[in-house]
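Please look through the model below with these notes beside it. They are meant for someone meeting such a fold for the first time.

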Amino acid sequence: MSDSPKPVYGGQAVIEGVMMRGRKAFAVAMRHPDGHIVVEKDKLSPIYQSRWAQVPFLRGLVLLWDALALGSRTLAISANLQVEDEEEELDGAALGLTMLASLGMAVVLFFLTPAGISYLFEHFLAVTPGWSNIIEGVVRLLILIGYMAGIGAIEDIGRVYEYHGAEHKTINAYEADVELTPKNVDQFPLEHPRCGTAFLLTVVIFSVLIFSLIGPLPILPRLGLRVLLIPILAGIAYEYLRWSAAHIRNPIVRILVAPNLWMQRLTTRPPDKGMLEVAITAFKEMKALEDTL
């Protein structure tokens, strides 16, 4: 294996496909309903090369926002490929509204709801602020686990989870300097320390620590502060994942990231050969374009 550091590549599962993202380019490979693989690729937003993307803690928020936009864009591309009726395709306006609605629902479900429940414990059952924050964190974690497991029971989402596994296996194989063939890639783990699922769990854990530093508050300031602290949590979680991924061979670090890897069992499933072919195609197309930029 080469000792030179490798570029950090990532990706995302989409509908019947995989998106792979580099430093300057991305590619999304999708299985067309007739069976062949369709690829779309393009340069990334300049934000990935900007100075803001290099500032610790701030870069997590900058890249998270762009990743949400890129993720929504590639999800729309993959969804439109599967739709025969052009009138049902997502356009720019519909995509923007869908993204905003999804963000709003995520904030309500994962931040405001746990905060409201913990407030009820604190206000009506005389639970101390310290225990209230722990209860909030536990509720947030249970909601996260329940949500991931629940949507995984949907057949179409189950296939997305399989493509998610193919994405992880491909990145793992590349980082191990192995030739990217379906047979080789399939030997690698479904889990990856930089996964978005790990990011969500890390946010939950750090939310308990940070919210514990805040004293008791009335319900409205409590809810408002939870929302305002989301960017800070995102920045801390991003830096932690970068650090843990860079030191993953350290035994202590492996113990620390074990919960993150375990959580990925909820959002990844073993892919079939065709899914691995799609993920490998996405990676190679992304890499080929990036090498020309």
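1. Basis of the note. This is a predicted model, in which local features need pLDDT of at least 70 and side-chain atom pairs count only at pLDDT 80 or more, while totals for chains, interfaces and linings use all residues. Residues are numbered from 1 along each chain as its sequence is written, and side-chain values use heavy atoms, with hydrogens and water left out.

2. The sheet. Four strands form an open sheet in the order S1-S2-S3-S4, with antiparallel pairing; strands (E, at least two residues) and helices (H or I, at least four) are DSSP runs, numbered from the N terminus, and two strands pair if DSSP finds at least two bridges between them. At the edges are S1 (10–14) and S4 (37–43), each of which pairs on one side only. From one strand to the next, the twist averages 15°, where axes are lines fitted to C-alpha atoms, for helices over the stretch in contact, and angles run from 0 to 180 degrees between N-to-C directions.

3. S1 and S2 (residues 17–21) run antiparallel and are joined by 5 bridges, and Gly 10 stands opposite Arg 21 in S2.

4. Helices on the sheet. Helix H1 (residues 58–82) lies across S1, S2, S3 (25–31) and S4, running at about 25° to S3. Helix H4 (residues 155–175) also packs on the sheet, touching S1, S2 and S3, and its direction makes about 160° with that of S1.

5. The cores. A nonpolar core is a set of buried Ala, Val, Leu, Ile, Met, Phe, Trp, Tyr and Cys residues joined through side-chain atoms within 4.5 Å, where buried means under 20% relative accessible area, exposed over 50%, and partly exposed in between (1.4 Å probe, protein chains only). The largest has 40 residues, and Phe 199 and Leu 233 have the most contacts inside it; H6 (196–211) is among the elements that each supply at least two residues, and its share, 8 residues, is the largest. Beyond its neighbours within four places in sequence, Phe 199 is in contact (heavy atoms within 4.5 Å) with Leu 64, Ala 234, Ala 237, Tyr 238 and Leu 241.

6. Two backbone angles. Most residues other than glycine have a negative phi. Phe 57, in the loop between S4 and H1, has a positive phi of about 75° and is partly exposed, with a relative accessible area of 48%. Ala 126, in the loop between H2 and H3, has a positive phi near 55° and is exposed, at 68% relative accessible area.
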